[in-house]
Amino acid sequence: MGIFETFVALAFIAAIQVGFNIAYLLFMKRAVRRPWNVKIDSNYRPQITIIVPTYNEAEVIEMKLQNLNLLKYPEDKLEVIVVDSASTDGTLDVCRQWLTRNSFRFKIILLSEPIRISKLHALNYALKHANGEIIVVTDADAILVPDILVKAIPYLADPDVGAISGRENIVNASACFVAKMENAYRDIYYMLRLGESKIHSTQIFQGEFAAYKRSLLEFFTEAPGRSDDNGAVTEILRKGKRCLLVPEAVFYDAVACNLIDYLKVKIRRATHLQREFLIRFKLWVKGELKIPKFILLANVYQHFANPLIFMFSIPLALYFLIELSKILPLLSILLILAITIVSIVARHLIALYIISNFILIVAFIRTLILSKRQEWEAVRSSRRYLKVCRQKLDTYENQEPIRFAKSP
Ligand code: GDD
Ligand code: MN
């Protein structure tokens, strides 16, 4: 291919990539302003079961119990189940000790699985003991704002709404480059998911806080590569109900600053998501998923086509620069300079774009050639940043009603 053809191909790719992504972003930015079209009943107080799955969470579980104890909700209408899968760090002992030292306001059940199979398996075990009409699943390393239930559950009063998820705030958002980048991603993610929710349903849930109607979700589908949160979204969408991101349902968690740890978590999540989108796409083709098709197709594009086109464009761009430097060295130097300046000025966004596509490509290869069983490896390095939350919770307990700030 000659230099001119390469240039045309690159311009074409850039136009598709940038054009499509920006168009979807702008469209969703407008959709965010739409009304909800949901019958929100602020007095709706159904029976709730909160499930906290744990595997080696001794470091954060006390903080999690302290956090749950602060939740605003009628005491007789909320139960908590901590379900542990053979942790080796004494997570359940830490729970028991904490419970003898503190008075927990709600009914609490501690369940223990003899061996670790998976988070999904643990959740299904807990569901057998759950009495709630609403099932909330929340990770041990996520901190919920105390009014999350009274603010978010009212959305479930609408019979068309099957499940809700929340809005993530990163506690260590400015701690390091990786966290800043993830924070930039979260801002974009939030707008897309909120826009999708206003139109019909968000395509991605957050396992850190998700609430489901039990009548629509008897059990979580336990299959290799499936995740609880997005697997449940697929089931609920299939039943014709909406899945919403509720902006008031705020929770906090931390991001690993170590790039390897960050990539591990993101690749695992991306692998799960890709599998879910494939399942949804197949259901949609068979006419079993009635959601606005452009939302589904845009997500399929972003999670599959986008990274593949991006991967294809890298050698093309390098080839173009090398060829250009042979015939117009000055122009190629200017071009490299311009790229460098843009990369420095918009470094978080550029890094985000490159790393996100890289993550999706690795996830895609894993899905294609590696074993279907994905071992869930917890990333510890992010959890230490949650100490900030611990301090916040202590303050909150001592001098109510201090609220969580947007970025602690
Ligand atoms: N009981 C039990 N058994 N719990 C487990 C197991 C297990 O085998 N494996 C993990 N967990 C628990 C963890 O202790 C934690 O409380 C929760 O499940 C989530 O694990 P993390 O390691 O914190 O996952 P994450 O933060 O990377 O991913 C979260 O977000 C994803 C995207 O929304 C999870 O909620 C995922 O389920 C979710 O897909
Ligand atoms: Mn987590």
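1. The manganese ion. In this predicted model, the manganese ion, ligand 2, is coordinated by D141. Where does D141 lie? It sits in the loop between β4 (134-137) and β5 (143-144).

2. A second residue in that loop. T138 is also found in the loop between β4 and β5. Is T138 buried or exposed? Its relative accessible area is 0%, so T138 is buried. The T138 side chain makes a polar contact with the side chain of K64, at 2.6 Å.

3. Which elements build the shell.

4. Polar atoms facing ligand 1. Look at the side chains of K119, D228 and R268 in turn. For K119, an N or O atom of the side chain is 2.5 Å from an oxygen atom of ligand 1. For D228, a polar side-chain atom lies 2.9 Å from a ligand oxygen. For R268, the distance between a side-chain N or O atom and an oxygen of ligand 1 is 3.1 Å. How much of ligand 1 does the protein bury? Taken alone, ligand 1 exposes 740 Å², and the protein buries 96% of that.

5. Salt bridges, the count. Side chains of opposite charge can pair when their charged atoms come close. How many salt bridges does the model have? The count comes to 19.

6. R101 and E62. These two residues form a salt bridge, with the closest N and O atoms 3.1 Å apart. The pair links distant parts of the chain. R101 is in helix α3 (residues 91-101), while E62 is in helix α2 (residues 61-69). They are 39 residues apart. R101 has a relative accessible area of 55%, and an area over 50% counts as exposed, so R101 is exposed.

7. R186 and E168. Here the closest N and O atoms of the salt bridge are 2.7 Å apart. R186 lies in helix α6 (residues 177-199) and E168 in strand β6 (residues 161-170), so the bridge ties together parts 18 residues apart in sequence. Are R186 and E168 buried or exposed? Both are buried.

8. E288 and R238. The side chains of E288 and R238 meet in a salt bridge at 3.2 Å, N to O. This pair, too, links distant parts of the chain, 50 residues apart. E288 is in the loop between α8 (259-285) and α9 (293-327). R238 is in helix α7 (residues 228-238). E288 counts as partly exposed, at 31% relative accessibility. R238 is partly exposed as well, with a relative accessible area of 40%.

9. Which residues do they join into one network? They are E168, E182, R186 and K266. Two of them, R186 and E168, are the buried pair of point 8.

Notes. Residues numbered from 1 in each chain as written. Chains lettered and ligands numbered in written order. Predicted model: local features only at pLDDT ≥ 70, side-chain atom pairs only at ≥ 80, totals over all residues. Heavy atoms only, no water. Donors = N, O, S within 2.8 Å, 3.2 Å for Na, K, Ca; no water. Helix = DSSP H or I, 4+ residues; strand = E, 2+ residues; numbered from the N terminus. Salt bridge = Lys/Arg side-chain N within 4 Å of Asp/Glu carboxyl O. Buried < 20%, exposed > 50% of the residue type's maximum accessible area, 1.4 Å probe, protein only. Polar contact = N/O pair within 3.5 Å; in protein donor to acceptor, adjacent residues only side chain to side chain. Areas by Shrake-Rupley, 256 points an atom, 1.4 Å probe, with all protein chains shown as cover.
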